[in-house]
Amino acid sequence: MAVNLHSRIASRVLLKVAQQSYHNENDLFAFASEQAWEDWFTAQQTLRVDITAVKTAPVRNVGFAALRVKDAICDRLRAVTGARPNIDTATPDVRVFVFLSATECTLYLDTTGEALFKRGWRLDKGAAPLRENLAAGILRLSGWTPAVPLYDPMCGSGTFIIEAAQMALGLAAGGERHFAFEKLQSYDMSAWPMLKAAAFEAQQIARSQHSELNIFGSDISGDMLVKAQANLERAGLRQLWLKQVDACAMVAPTETPGIIVANPPYGERVEVRGQAPRARGQGHEMQTGRRDQNEFFRDVQPDEASAEFFRAFGDALKQRFTGWQAFVLTSDRGLPGQMRLRAAKRTPLFNGPIECRLFRFDLVMGSMRERRSDEE
C-alpha cells in the first residue's frame, strides 16, 4: 500500500501469489486452479489476465496460455462460489499477471490499477506529455535536491516542475488517486485509512507553507502555461514561478547556478500518438492532426528552422547559464551536435515506447569547437 501511495519511480506494484515449474499449457491450468483466488476477489468482480513469456517458454501460443490461466481462475471460482467472473479487458476490477520463464510460471495480482505514472492530478496536457515517473526518475538521476535551483525552460503542462515541487514538499505521489488493492478482499483495511490520512495531512501542511521553492518553469506557449497552472492547482501546489518566454531568449532565474531539465519537442514522440508537435522556435503551436510520412521524416531529419532553434538554445545555455548543469531528454541522438555542446553523459531511457537519451551538459563558456581546439 505504502509503495503505491509514495513511489514516484515505479510503474506498477505486483503481489506474488505463487511460483512453480511447468512444461506446457495443461500445467499452467492445473497450477492456476490450485490457487485460492476466492480469498482475494469474488465472482462478482471483473477480471483480466495478462501474460509475458520469454522466447524459450515451452508454450505453443502465448495467447492460448493466457486463456488457460483465465479459464482455470474462472473454473476455480465457479467450483467454490457457484459463479464465474466476467472478463473486462479495459477497466477490470482485478488484474492477474502471468510471467513465464523457460521453466517457471509466476502468478501475480496487480495492486496498482492504472499505471503509477497517472498521479490523478493531470487533466490538462500537451501532445505526448512526459510520463510523471520518468520525470521523477530524471530528477533523481540529475542529483537535484530542493536546495538547488531547478529550471525547466520548456515546461509544457508542468510535469517536471510539479514532480519537483511535490518531492520538495514531501507530498505523496498517489495522494489524489485510487488503487487496485482497494478492491481486493485481503488487504489491510485498517492500515490504508491511516496512510491516506497522513498523506492528506502532509498536503494540508504543504499548502499552508509560504517558503519559496527554487523551482522555475517557462514556455513559449501561453496556452501551455495555463494548462501548467491548472495542473499545479490540481496537484495541491501553490503557484510556482512561470513565465512565457522562448527558450532561446531565456535567462537564469537565480544568480546561484542550479539544474536545468528539458524535454524539447521532437517528431517521434508526437507521431506515435498521431499528433503534431509545437513549433516552439516560431512562437506558435502547430495544429493537432495526422501527418504524412514526408512531414514526419523532416522532423526526424531537422530542417533549417529547427536546427537554428537548437543552435540558439545551445548558445543561450553557454552564454547565460555558466556553472549550471543541463539534462535534456530527446529521441534525437544527434542533438548535442545541433546544440554545439559536448554531452558529459548520455543515459538510455524510454518515454513510453520511445527510446530516448538523457544528455547531461556541464555548462561552460564557449562552443564545442572552441573547447576541442583548446584541448588539441
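Me: Leaving aside neighbours within four places in sequence, what is glutamine 35 in contact with?
Reply: Val17, Ala18, Arg76 and Leu107. Contact means heavy atoms within 4.5 Å. A caution: this is a predicted model, where local features need pLDDT of at least 70, side-chain atom pairs count only at pLDDT 80 or more, and totals for chains, interfaces and linings use all residues. Residues are numbered from 1 along each chain as its sequence is written, and side-chain values use heavy atoms, with hydrogens and water left out.

Me: Is glutamine 35 buried or exposed?
Reply: Glutamine 35 is buried, at 13% relative accessible area. Buried means under 20%, exposed over 50%, and partly exposed in between, using a 1.4 Å probe and protein chains only.

Me: Where is glutamine 35 found?
Reply: In the loop between helix H2 (25–33) and strand S2 (47–53). Helices (H or I, at least four residues) and strands (E, at least two) are DSSP runs, numbered from the N terminus.

Me: What does its side chain reach, glutamine 35 I mean?
Reply: The backbone oxygen of phenylalanine 31, at 3.0 Å. A polar contact is a pair of N or O atoms within 3.5 Å; within protein, one must be able to donate a hydrogen and the other to accept it, and residues adjacent in sequence count only if both atoms are side-chain atoms.

Me: New topic. In what order do the four strands of the open sheet come?
Reply: S1-S4-S3-S2, with mixed pairing. Strand S1 (14–21) and S2 are at the edges with a single partner strand each, so one side of each has no neighbour in the sheet. Two strands pair if DSSP finds at least two bridges between them.

Me: How many bridges join S2 and S3?
Reply: Seven, in the parallel sense. Valine 49 stands opposite valine 96 in S3.

Me: Which strands does H3 touch?
Reply: H3 packs on the sheet and touches S2, S3 and S4. Its direction makes about 140 degrees with that of S2. Axes are lines fitted to C-alpha atoms, for helices over the stretch in contact, and angles run from 0 to 180 degrees between N-to-C directions.

Me: Which residues of H3 are buried?
Reply: Among them are Ala65, Val69, Ile73 and Leu77. Their cover includes H2, S2, strand S3 (94–100) and strand S4 (104–110).

Me: Now the seven strands. What's their order?
Reply: S7-S6-S5-S8-S9-S11-S10, an open sheet with mixed pairing. The edge strands are S7 (241–244) and S10 (345–351).

Me: And where does helix H7 pack?
Reply: On the sheet. Helix H7 (residues 222–234) touches S6 and S7.

Me: Which H7 residues are buried?
Reply: Met224, Leu225, Ala228, Gln229, Asn231 and Leu232. They cover an arc of only 165 degrees around the axis, which puts them on the same side of H7. The arc is that of the directions from the helix axis to the C-beta atoms.

Me: Why can residues three or four places apart point the same way?
Reply: An α-helix has 3.6 residues a turn, so they do.

Me: What's on the face of H7 turned away from its buried side?
Reply: Exposed residues: Asp223, Val226 and Glu233.

Me: What sits at the ends of H7?
Reply: Serine 221 caps the N-terminal end, with a side-chain oxygen 3.3 Å from the backbone nitrogen of aspartate 223. After H7 comes glycine 236, whose phi is positive, near 80 degrees.
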